Amino acid sequence: MYPRLVPIANRWNQAMGLEIPYPETHADFLARCHHAGQARPTPLLLQYAADDYNCLHQDLYGEHTFPLQLAVLLAEPSRDFTVASSL
């Protein structure tokens, strides 16, 4: 997903007046992080129950960060769960 997200992240940085662009490849971004001593990944696997929510945030521990997060649904709506309508 990095190649599809990096142009958005670079436009975001440009709009905010940040000078450092993100590299085109994920390997180059990881090399930048590792060079700065950031070698730990921060993947999370979260589980939510009815009425749970997750506020927008970032788990940061170093100078180099990526401004976008990716959420993946590991279930199929209507097969694995249903959503009650409030209408």
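Which element gives the most to the lining of the largest pocket? Helix H2 does, with 5 residues. A helix here is a DSSP run of H or I with at least four residues, numbered from the N terminus.

Before going on, this is a predicted model, where local features need pLDDT of at least 70, side-chain atom pairs count only at pLDDT 80 or more, and totals for chains, interfaces and linings use all residues. Residues are numbered from 1 along each chain as its sequence is written, and side-chain values use heavy atoms, without hydrogens and water.

Back to the largest pocket: its volume is about 1900 Å³. A pocket is an open set of points on a 1 Å grid over the protein atoms alone, where a 1.4 Å probe fits, with protein on both sides within 12 Å along at least five of seven lines; lining residues have an atom within 4 Å of a point. There are 45 lining residues, and Pro43, Leu44, Gln69, Leu70 and Ala71 lie nearest the centre. The elements that give two or more residues are helix H1 (2-15) and H2.

The second largest pocket holds about 220 Å³. Of its 13 lining residues, Asn13, Leu18, Ile20, Tyr22 and Thr65 are the closest to its centre. H1 and H2 each supply at least two residues of this lining.

Last, Leu74. This residue lies in the segment after helix H2 (26-35). Leu74 counts as exposed because its relative accessibility is 69%, where exposed means over 50% with a 1.4 Å probe and protein chains only.

How values were computed: Buried means under 20% relative accessible area, exposed over 50%, partly exposed in between (1.4 Å probe, protein chains only). Grid points are joined across faces, edges and corners, and a volume is the space filled by probe spheres set on the points.
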